[in-house]
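Here are my notes on this model, as numbered points. Please read them with the structure open.

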Amino acid sequence: YGKDFIMATKWIVDNLPGAKISGGVSNLSFGFRGLTALREAIHAVFLYHAIQNGMTMGIVNAGAMPIYEAIEQPMRDYIEQVVLN
């Protein structure tokens, strides 16, 4: 889901100039309910990559999301593997 959304976002930006892209970030981590810190880190990683590829608005709980660069290694690498593969 995460990788497909990011790839679709990139396609939209490349092929539909002026289009805006939004999405609900928490849908990606729904299966990890109860693991709040992990879910928030997944959201941050996903949002970082989606924005890099053209996402213009994410529906998130901004007050609860860590900053991408603040997610410690190797956790950030693990999450990126899950989101991007």
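1. Is Phe5 buried or exposed? Phe5 is buried, because its relative accessible area is 17%. Buried means under 20% relative accessible area, exposed means over 50%, and partly exposed lies in between, with a 1.4 Å probe and protein chains only.

2. Ground rules. This is a predicted model, in which local features need pLDDT of at least 70 and side-chain atom pairs count only at pLDDT 80 or more, while totals for chains, interfaces and linings use all residues. Residues are numbered from 1 along each chain as its sequence is written, and side-chain values use heavy atoms, with hydrogens and water left out. Helices (H or I, at least four residues) and strands (E, at least two) are DSSP runs numbered from the N terminus.

3. Helix 1. The helix covers residues 2–15. Its 14 residues should span 20 Å at 1.5 Å a residue, and its end C-alpha atoms are 20 Å apart, which agrees. The expected span is 1.5 Å times one less than the number of residues. Gly2, Phe5, Ile6 and Thr9 are the buried residues of helix 1. They sit on the same side of helix 1, because their arc around the axis is only 100 degrees. The arc is that of the directions from the helix axis to the C-beta atoms. Asp4 and Trp11, on the other side of helix 1, are exposed. The cover over the buried residues of helix 1 includes strand 1 (22–24), helix 2 (36–52) and helix 3 (75–84).

4. Aromatic pairs. How many aromatic pairs does a search of the whole structure find? The search finds 3. A pair of aromatic rings is described by the distance of the centres and the angle of the planes. Rings of Phe, Tyr and Trp (its six-membered ring) pair if their centres lie within 6.5 Å; planes under 30 degrees apart count as stacked, over 60 as edge-to-face and the rest as tilted. Ring pairs link Tyr1, Phe5 and Phe46 into a cluster.

5. Which aromatic pairs does the search of the whole structure bring up? Its total is 3 aromatic pairs. The Phe5 and Phe46 rings have centres 5.5 Å apart and planes at 55 degrees, so this pair is tilted. Phe5 lies in helix 1 and Phe46 in helix 2, so the pair ties together parts that are 41 residues apart in sequence. Phe46 counts as buried, at 2% relative accessibility. The Tyr48 and Tyr68 rings have centres 3.7 Å apart and planes at 5 degrees, so this pair is stacked. Tyr48 lies in helix 2 and Tyr68 in the loop between strand 2 (57–59) and helix 3, so the pair ties together parts that are 20 residues apart in sequence. Tyr48 counts as partly exposed, at 29% relative accessibility. Tyr68 counts as buried, at 13%.

6. Charges over rings. The charged end of Arg76 sits over the ring of Tyr68, 4.7 Å from its centre. The charged end of Arg33 sits over the ring of Phe30, 4.3 Å from its centre. The test is NZ of Lys or CZ of Arg within 6 Å of the ring centre and within 35 degrees of the ring normal.

7. Nonpolar core. Which members of the largest nonpolar core touch the most other members? Of its 17 residues, they are Val45, Phe46, Met55, Ile79 and Val83. Helix 1, helix 2 and helix 3 are the elements that give two or more residues to this core. Helix 2 gives the most, with 7 residues. Such a core is a set of buried Ala, Val, Leu, Ile, Met, Phe, Trp, Tyr and Cys residues joined through side-chain atoms within 4.5 Å.

8. Helix 3. Its buried residues are Arg76, Ile79, Glu80 and Val83. Ile79 touches Leu38, Ala41, Ile42 and Val45, not counting residues up to four places away in sequence. Contact means heavy atoms within 4.5 Å.

9. Check the peptide bond between Gln73 and Pro74. It is cis, with omega about 5 degrees. Pro74 lies in the loop between strand 2 and helix 3.
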